[in-house]
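Subject: Structure handover

Hello,

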Amino acid sequence: MQSPLIRSFSQLDTLDPNRPVVTLFSGGLDSSYLLLRLRRMGVRDVHAVSVDIGEDESSQYKRQVAEALGATIHILDRREEFAGQYVAPAIAAQAVYLGIHPVSSTLSRPLIARSAVELARTLGAQTVLHTANRSQNTLRRLNGALTLLGWEGSFGSPYDLDPVTREEKLVELRSAGIDLLAGRIVSGDSNLWCREFESGILDDPERHAVPDDMYTWSRPTALPGDSETLTVSIERGLPVAIDGAPMQLTDLIDQLNHRVGAYGLGRYSGLEHLDHGEKVLEIREMPGAYLLLSSYRHVESACLDAELIREKRHLEQVWVREALEGRWFGDLRLTVQAFMDTCAARTSGSVTWRLRTGGADTRAITAAKPLYLRDREAWEERAIEAESAPFARAGSLLTPA
C-alpha cells in the first residue's frame with residue numbers, strides 16, 4: 001500500500017500521469033521548480049493552487065510562471081475568510097509566539113491546506129503537494145492540517161528528504177525559459193497580517209543585517225517630531241472601526257499597517273523552533289498586529305475580571321502551541337477557542353493612541369461595561385459608606401429611645 005506521505009522526489013514516480021495533481025503554488029523558487037519536475041515526469045494534469053490572502057506576489061506574476069510551466073493556475077481569493085476566521089481569533093487569543101512575535105504562517109497554512117483539499121476533491125485529484133522543507137515550520141503545519149482534514153489521497157513535500165540547492169533550481173528553471181526569480185536573496189512569506197523573511201542572507205542568527213529596502217509597511221515616512229492620534233474600536237472581540245469609521249477587518253488591518261508603519265513600528269525578529277527543537281531566525285513586519293494586539297489587551301483588561309484574564313493568558317499559549325504545531329483543526333485548539341470566544345463576547349470598547357516615532361502611547365481606554373474606576377475618591381467614599389452601613393444600623397437599634 002502506498003504511503004500517503006510524500007517526502008521525496010522519487011516518490012512522485014508512483015503518481016498516475018493521467019490523474020490530476022494539485023500543488024500549492026506561491027510563485028517562488030521551490031513551487032516553480034516542483035511544477036518543472038512534474039512537467040518533465042509527464043504528469044499531464046497539474047493544478048497549481050494559489051490562495052490569495054494579501055501576499056506580495058501579484059496574481060499576474062503567478063499566472064505567468066505557472067502557465068509557462070504547463071500548469072493550470074487556480075487563484076482563490078480568501079482574504080475575507082483569512083481575516084475573519086483566522087486572524088480575528090488570533091487577535092482574541094493574543095497569539096504571540098513565546099512573547100516574541102505575533103504568529104502568521106501558523107494562521108495561513110490551515111486555510112491554504114483546506115482550500116487545496118476542497119479543490120482536490122472537486123477535481124478528483126490523487127495527491128496534494130507542497131514545497132516546505134524540514135527547516136521550515138510550514139512542513140508540519142501543512143502536513144498536520146492535511147491529516148486533520150482527512151484528505152483521502154497522498155500528500156506532502158518532496159523537498160522533505162530531497163533538498164535541491166537554490167543554484168540548481170535556478171539553473172534548471174532558466175534552461176526551461178523561466179528566469180524571473182534570480183534576484184531574491186531571502187525566502188519570503190506574506191499576507192495581509194504579516195510580511196516575513198528568512199533563510200539566505202538571514203540564515204545566521206549571530207550575524208544578520210536586514211536591508212532597509214526589504215521593509216514595506218514599516219519603512220518610516222513620518223518626520224522626526226511628527227505624531228498623530230488614532231482610535232481603534234472593538235465590538236464583542238472584533239476590531240470594527242478606526243477613528244469611528246466602520247470597516248471590514250481586511251481594510252482595517254491594511255490601514256493600520258500603513259499608518260502605524262509610517263512611524264517605524266511593528267518590526268520583529270526572533271528565533272522559532274523546528275520540529276526537533278533546533279531554532280531558525282525569522283524577521284517580520286506587522287504594524288497592524290502591533291497596535292491591534294495591544295488595543296485588544298487594553299479593552300479586555302477593562303472588561304474582564306483579573307482572575308479570568310490570568311487563566312486566559314495561560315490558555316493563550318495553549319492556543320498558540322496547538323495552532324503552531326499544525327493542529328489548527330484539532331480538538332484541543334477548538335476547545336480552547338470556545339473559551340476565547342466566551343471572553344471575546346464581553347470585550348467591547350476602544351483605545352485612542354498617540355503614534356510617534358519609536359512608540360505609541362495610550363490617550364484613552366473606554367469600555368462598554370467597564371470595571372475601571374474614573375473617580376477613586378468618590379468610589380472610596382461610597383465603598384466605606386456601604387461597608388459601614390450595617391454597623392450604623394446596629395448602633396441605632398442599641399440606642400435608648
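The notes below go through the sheet, the aromatic residues and the salt bridges in turn.

Please keep in mind that this is a predicted model.

The sheet and its helices

I started with the strands. An open sheet is formed by 6 strands, in the order S1-S8-S7-S2-S3-S4, with parallel pairing. Which strands stand at the edges? They are S1 and S4 (72-77), and each has a single partner strand, so one side of each is left without a neighbour in the sheet. S4 is paired with strand S3 (residues 46-52) in the parallel sense, over 6 bridges. Within this part of the sheet, Val51 stands opposite Leu76 in S4.

Helix H4 (residues 105-123) touches S2, S3, S4 and strand S7 (127-129), and its direction makes about 165° with that of S2. Helix H5 (residues 138-148) also packs on the sheet, where it touches S1, S2, S7 and S8. The direction of H5 makes about 155° with that of S8.

Pro4 is partly exposed, its relative accessible area being 45%. What does Pro4 touch, not counting residues up to four places away in sequence? Its contacts on that basis are Gly153, Ser154 and Phe155. Pro4 and Gly156 are 152 residues apart in sequence, yet their C-alpha atoms are 8.1 Å apart in space.

Aromatic residues

There are 6 aromatic pairs in the structure. One of them is made by Phe9 and Tyr159: the ring centres are 5.2 Å apart and the planes stand at 85°, so the pair is edge-to-face. It links distant parts of the chain. Phe9 is in the loop between strand S1 (5-6) and strand S2 (21-24), while Tyr159 is in the loop between strand S8 (154-156) and helix H6 (166-175), 150 residues apart. Are these two residues buried or exposed? Phe9 is buried at a relative accessible area of 5%, and Tyr159 is buried as well, at 3%.

The rings of Phe197 and Tyr215 have centres 6.3 Å apart and planes at 80°, so this pair too is edge-to-face. Phe197 belongs to strand S10 (residues 194-198), and Tyr215 to the loop between S10 and strand S11 (227-235), 18 residues apart. Both Phe197 and Tyr215 are buried.

One aromatic cluster is formed by Phe82, Tyr86, Trp319 and Trp328. Here again a charge sits over a ring: the charged end of Arg333 is over the ring of Trp328, 3.7 Å from its centre.

Salt bridges

How many salt bridges does a search of the whole structure find? The search gives 29. In one of them, Arg40 is joined to Glu172, with the closest N and O atoms 2.3 Å apart. Arg40 lies in helix H1 (residues 29-41) and Glu172 in helix H6, so the pair ties together parts that are 132 residues apart in sequence. Arg40 is partly exposed, at 48% relative accessibility, whereas Glu172 is buried, at 18%.

Arg284 and Glu272 also meet through their side chains in a salt bridge, at 3.9 Å from N to O. Arg284 is in strand S15 (residues 279-285) and Glu272 in strand S14 (residues 267-273), 12 residues apart. Both Arg284 and Glu272 are buried. They take part in a network of salt bridges that also includes Arg141, Glu196 and Glu282.

A further salt bridge joins Asp361 and Arg354, the closest N and O atoms being 3.5 Å apart. Asp361 is partly exposed, with a relative accessible area of 22%. Arg354 is partly exposed too, at 26%.

That covers what I have to pass on.

Regards

Notes: Residues numbered from 1 in each chain as written. Predicted model: local features only at pLDDT ≥ 70, side-chain atom pairs only at ≥ 80, totals over all residues. Heavy atoms only, no water. Phe/Tyr/Trp six-rings, centres within 6.5 Å; stacked < 30°, edge-to-face > 60°. Helix = DSSP H or I, 4+ residues; strand = E, 2+ residues; numbered from the N terminus. Buried < 20%, exposed > 50% of the residue type's maximum accessible area, 1.4 Å probe, protein only. Lys NZ or Arg CZ within 6 Å of the ring centre and 35° of its normal. Salt bridge = Lys/Arg side-chain N within 4 Å of Asp/Glu carboxyl O. Pairing = 2+ DSSP bridges. Contact = heavy atoms within 4.5 Å. Axes fitted to C-alpha atoms, helices over the stretch in contact; angles between N-to-C directions.
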